[in-house]
Amino acid sequence: MAYRELIKNFETIRAYMRQFYVYGFKSREEYGMKSPRSYDNERRRIESWLGDYLSFRRDGGGKNVYLSVDSRRTSRNPLYKAFGAKSFTDKDITLHFYLMDLLAEGESMTAKELMDAMEDRYLSAFRRPVSLDESTVRKKLREYEALGLLDTRKEGRSILYRRTDHPAVSLTSWADALSFFSEEAPLGVIGSFLLDRLEQPPSCFRFKHHYILHALDSEILCALLAAIQAHRRVTLVLKNFQAHRETRRTFCPLKLYASTQTGRQYVMGFSSFSSPPLFFRIDSIHRVLTEEEEGRFSDYEALWSRTCPHLWGVSAAGWPRLESIEMTLRLGPGEEYLFRRLVREKRNGSVVRLDPFTCQFTARVYDASEMLPWLRTFLGHIVDLRCSNPSVTALFQRDLEEMETMYKGDLHAL
C-alpha cells in the first residue's frame with residue numbers, strides 16, 4: 001500500500017515508551033512483551049516521532065535502545081507526540097481528503113450526495129480507483145461528527161453534513177500559560193495540542209525536576225476524571241510488567257494524588273465503607289472500565305474528608321487505627337533554617353518550639369513507617385524519637401546501626 005499505519009492498541013506504545021525511558025539498558029530479546037517483530041514495529045514507530053531523543057548503545061547483550069531527554073535543553077515534553085498519531089489505511093486518508101475538499105466551501109451534503117460527488121469528481125479519473133462503498137463513507141462521517149470535524153442538521157428524513165466552523169481564537173496572549181500548563185498539569189496534552197497552533201511556541205520555562213512520563217498516562221487520567229465527575233465506580237485493569245499478569249480491582253475513585261518528589265501519580269478511592277482507602281499508581285493501570293453510578297458518592301467523600309488528615313502519603317496500612325509519632329530536634333547556632341523547613345514540610349503534623357535550640361514534631365497517621373525516609377533527613381539533629389508502633393523506631397534504629405557499620409562514621413544510635 002502507498003501509506004498505512006495501524007496502531008491497534010495505544011497501551012502497547014505506552015508500555016514500550018516507558019520501557020525505553022526507564023529501562024534503557026534492555027536488549028531487544030529481553031523485553032518479552034510481544035514478539036521480536038512487534039518490538040521492531042513499535043521501535044520504528046517511536047523513532048519516527050522521537051528520533052532526536054532515541055539513542056542506542058551496544059554491550060554484551062546486544063543493542064539497547066533508550067530515550068534520553070535533557071530538561072536543560074528541552075522546553076516541551078516530547079512524549080506528547082505519541083498522541084498526534086492515529087491508526088489509518090490508504091482508504092482512510094484518501095477518504096479524508098475527498099470529504100474535506102467536497103465540504104471546503106461551506107457546502108452541506110448528504111452521504112449519498114457525497115458518494116455521487118466523489119464518483120464524478122475523483123474516482124472516475126483513475127483507471128483503478130480506491131473502492132469506497134456507502135457504508136464506509138457513512139462510518140467515516142459519523143466518526144468525524146463525533147470528533148467535532150463535521151456538523152449535522154436534519155432536513156426531512158435526510159441528514160446533511162458540513163464542516164465545523166471554528167471561531168478564530170487568538171492564543172498568543174495565552175502562550176506562556178499554555179506552555180506552563182502543558183508541562184505541569186496532569187492533562188497537559190491539551191495545552192501541548194493548543195501550542196501546536198502557534199507559529200512560535202514559547203520556550204521560557206525550564207524544569208529542574210521534569211517528570212515527563214505522566215504524559216503517557218493522559219488517557220487513563222481522563223477516564224478516571226470523567227468517572228469521578230459522573231460519580232461512577234470503575235474497574236481498573238492493573239498490569240504487572242515484571243510478572244506479566246493482569247489483576248482487576250473495582251472501587252469508587254475520589255481523588256488524584258501527585259508526588260512532587262517522584263512525579264508519581266495515584267488515584268485514591270474506596271471499595272466499601274469498612275475497607276481502608278485504596279491507592280493505585282496511574283502508570284500501573286492498563287485500562288479503566290466505567291461501571292454503574294455510585295449512589296453513596298457523597299458518603300465516600302465524607303469518609304475521605306475524615307481520613308485525609310491522617311494520611312502522610314499514599315499508605316493507610318494501619319487503618320482505622322492511628323499511630324502516634326514524636327520527634328525532638330536539637331538545633332545548633334545558625335541552624336534556624338531547619339526549624340523553618342520542619343514547619344514547611346510538616347504536612348498534617350504539628351511543630352512546637354520547646355526552647356531556643358529545641359523543637360518537637362508530632363503527628364498521628366495511619367502508617368508511621370511511611371515517614372521514615374523523611375525522618376532520616378534530620379539525622380544528626382534528632383535527640384529523641386518515639387512511636388506508638390515499636391517496629392517503626394526499631395527499623396529506624398536498625399538503619400542507623402547498618403549505616404554505622406557500612407560507613408564506620410560517627411553515627412550514634414538513639
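Select Phe10, Glu11, Thr12, Ile13, Arg14, Ala15, Tyr16, Met17, Arg18, Gln19 and Phe20: these are the buried residues of α1, where buried means under 20% relative accessible area with a 1.4 Å probe, protein chains only. Eleven of the 13 residues of α1 are buried, so the rest of the structure largely encloses this helix. Before moving on, note that this is a predicted model, in which local features need pLDDT of at least 70 and side-chain atom pairs count only at pLDDT 80 or more, while totals for chains, interfaces and linings use all residues. Residues are numbered from 1 along each chain as its sequence is written, and side-chain values use heavy atoms, leaving out hydrogens and water.

Now show what surrounds α1: its buried residues pack against α2 (36-50), β1 (54-59), β2 (62-67), α8 (218-229) and β9 (285-293), with contact meaning heavy atoms within 4.5 Å.

Next, pick α3 (residues 90-102) and α4 (residues 111-121), which pack at about 105° with axes 11 Å apart. That makes α3 and α4 roughly perpendicular, a label for angles of 65 to 115 degrees. Seven of the contact residues are nonpolar, two are charged and none is polar.

Last stop: β3 (residues 150-155) and β4 (residues 158-163), antiparallel strands joined by six bridges. Click glutamate 155 and find its bridge partner, serine 158, in β4. Two residues sit between the strands of this hairpin, and glycine 156 takes a positive phi near 65°.

Definitions and conventions:
Buried means under 20% relative accessible area, exposed over 50%, partly exposed in between (1.4 Å probe, protein chains only). Helices (H or I, at least four residues) and strands (E, at least two) are DSSP runs, numbered from the N terminus. Axes are lines fitted to C-alpha atoms, for helices over the stretch in contact, and angles run from 0 to 180 degrees between N-to-C directions. Angles under 35 degrees count as roughly parallel, over 145 as roughly antiparallel, 65 to 115 as roughly perpendicular and the rest as oblique. Ala, Val, Leu, Ile, Met, Phe, Trp, Tyr, Cys and Pro count as nonpolar, Asp, Glu, Lys and Arg as charged, and the others, Gly among them, as polar. Two strands pair if DSSP finds at least two bridges between them.
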